[in-house]
Amino acid sequence: MTKQADVVVIGGGITGTAILHELAKYNLRAVLVEQEPELAAGTTKANSAILHAGFDAPTGSMKARMNVAGNAMYHDLKDELDLDIRWSGSYVAALDDEQMAVLQELLERGNANGVPGLKIVSGDEMRKEEPNVSKDIKGALWAPTAGICWPFGLALAFAENAVINGAEVIRECQVTGITVEDGAVKAVETDKGTIETKYVINAAGVHADEISRLAGDDSFQIHPRRGEYILFDKTAQKDLVYSPIFPTPTKMGKGILVCATTHGNVFVGPNAQDMPDSEKDDTAVTIPGMDDILDKARRLVPNIPVGATITEFAGVRAVSSTGDFILGPSEKTKGLIQAAGIQSPGLTSAPAIAKYLVDGIVAETGAAAKTDYKKGRPAQPCFRMMAEADQKALIAKNPRYGRVICRCETITEGEIVDAIHRPVGARTVDGVKRRTRAGMGRCQGGFCGPRVTQILSRELNIPVTEVRKEMRNSYMFYDKESGGKA
């Protein structure tokens, strides 16, 4: 492969896909490369899924600026891209006078950051809305503009719209080098070939410092910080919370929270474990980590239903050596644009980061806005949410919608096939899971997993032994006759 592009985006998480979505609004040849078979396979798939209001980050920092702007942008993007967002608001809870003083600091900082509607409420006022929180909570900071979302769905929506508007996404494409001549970017070298370009946007998450060094810029480091989570069955939500409930923050982060999801589950987490730089992709969960999460979560919500646990998982945050987002042109290499150190509130900040960086490229290149830009993306039938008459009509049109594959979540074969053949469609079992929720229910794919595998094999025209769970080498089956995966 040898191709030309005006801009190459490295990294297919929420930041990279939001940037591609913004680039696709202009007459620019934009290409995104992602090393895994699926988008959002890193930090984006394993985080707290909260659209933060913006009171936590230091006033004047990139985190604060992008957070508040990004939150506002999502209010418009929700309808435009059919995003899975619920504007629930959030609470930061205080258990004593010292923590109440921290709430006052957060309130003042939030006001300085331009966050609307913040107020401190008493513990009793909070318990009227969240009756299951601890009686020891003395007060809380209420942020009405906060929300919860489905992060993978946000990233996928950005990518789908970008592809519809002419951008290109190349998956299973690992960057091996960046050609720099006379101090300027000339090309991106990958294991699939060369992409000639004048601009590279580095949105490589925990590996952003490595990509930057490939282009001759060693001005920052990214350190991994792992966070573990516990997810509960939907039956637990009535006994837990509706909004995100945070503890007062520490220097390690926003703390272990209790939070609902847009799909009706509840989770607790994350903790914060600084990891060696050699373990940037270590997403193992630990018994001490689970104990720590439960202990701290019970301080906010005492009756955590451990018996309703359906899975545990972990994600890795990209902590920059600067303590802030690293955004903008490299001072060492012309054409290299950094979108690095994107930890919390990176999910919330993504559309604002994208606009900030793309505006700079547009100003420099003079690229014109597309006159034929298409908003939105193809409709996604959600069988379980339809009225009965609409379900019958859909089945009459396509009988595959009459065959339920995932019983826990009532996901049909028609939805799975649609997920595979959409723009930037599913290529793995987890790719189907995150697009449709097949495998996300109580049995965690125990029933539907083999059937999803068969559908992927059929629709992608590959042997069953070539079907993967998620990552490049996550083959799930072994062929005894050939002695290998295929």
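## Close-up views of a predicted model

**View 1. A salt bridge joins Arg-377 and Glu-160.** The side chains of Arg-377 and Glu-160 come together in a salt bridge, with N to O at 3.0 Å. Arg-377 sits in the loop between helix H8 (346-365) and helix H9 (388-397), while Glu-160 belongs to helix H5 (residues 151-164), so this pair ties together parts that are 217 residues apart in sequence. A salt bridge here is a side-chain nitrogen of Lys or Arg within 4 Å of a carboxyl oxygen of Asp or Glu. Helices (H or I, at least four residues) and strands (E, at least two) are DSSP runs, numbered from the N terminus. Arg-377 counts as buried at 17% relative accessibility, and Glu-160 is buried too, with a relative accessible area of 0%. Buried means under 20% relative accessible area, exposed means over 50%, and partly exposed lies in between (1.4 Å probe, protein chains only).

Before moving on, a word about the model. This is a predicted model, in which local features need pLDDT of at least 70 and side-chain atom pairs count only at pLDDT 80 or more, whereas totals for chains, interfaces and linings use all residues. Residues are numbered from 1 along each chain as its sequence is written, and side-chain values use heavy atoms, with hydrogens and water left out.

**View 2. Lys-280 meets Glu-210.** In this salt bridge, the closest N and O atoms of Lys-280 and Glu-210 are 3.1 Å apart. Lys-280 is found in the loop between strand S19 (273-274) and helix H7 (287-300), and Glu-210 in helix H6 (residues 208-214), so the pair ties together parts that are 70 residues apart in sequence. Which of the two partners is buried? Lys-280 is, with a relative accessible area of 6%. Glu-210 is partly exposed, at 31%.

**View 3. Glu-459 pairs with Arg-458.** The closest N and O atoms of this salt bridge are 2.8 Å apart. Glu-459 is buried, with a relative accessible area of 19%, and Arg-458 is partly exposed at 40%. Elsewhere, salt bridges that share partners join Lys-45, Asp-430, Lys-433, Arg-434, Lys-469 and Glu-470 into one network. How many salt bridges does a search of the whole structure find? The count is 38.

**View 4. His-263 and the residues it touches.** His-263 lies in the loop between strand S17 (257-260) and strand S18 (266-269). This histidine is buried, at 17% relative accessible area. Leaving aside residues up to four places away in sequence, His-263 touches Asp-84, Trp-150, Lys-234 and Arg-437. Contact means heavy atoms within 4.5 Å.

**View 5. An open sheet of 4 strands.** The strand order is S1-S13-S12-S11, and the pairing is mixed. At the edges are strand S1 (2-4) and strand S11 (175-181), each pairing on one side only. Two strands pair if DSSP finds at least two bridges between them. Strand S12 (residues 184-190) and strand S13 (residues 193-196) pair in the antiparallel sense over 4 bridges.

**View 6. An open sheet of 6 strands.** Here the order is S10-S3-S2-S14-S22-S21, again with mixed pairing. Strand S10 (168-170) and strand S21 (326-329) are the edge strands, and each pairs on one side only. Strand S3 (residues 30-33) and S10 pair in the parallel sense over 3 bridges. In S10, Val-169 is the bridge partner of Leu-32.

**View 7. The second largest pocket.** This pocket has a volume of about 810 Å³. Its lining is made up of 39 residues, of which Thr-311, Phe-313, Lys-433, Arg-434 and Met-440 lie nearest its centre. Strand S9 (147-149), H5, strand S20 (309-320), helix H11 (429-436) and helix H12 (449-460) are the elements that give two or more residues to the lining. On a 1 Å grid over the protein atoms alone, a pocket is an open set of points with protein on both sides within 12 Å along at least five of seven lines, a cavity is a set where a 1.4 Å probe fits but cannot get out, and lining residues have an atom within 4 Å of a point. Grid points are joined across faces, edges and corners, and a volume is the space filled by probe spheres set on the points.

**View 8. The largest cavity.** A search of the whole structure finds 1 cavity of 30 Å³ or more. The largest cavity holds about 70 Å³ of space. Among the residues lining it are His-52, Phe-55, Asp-56, Phe-246 and Lys-254.
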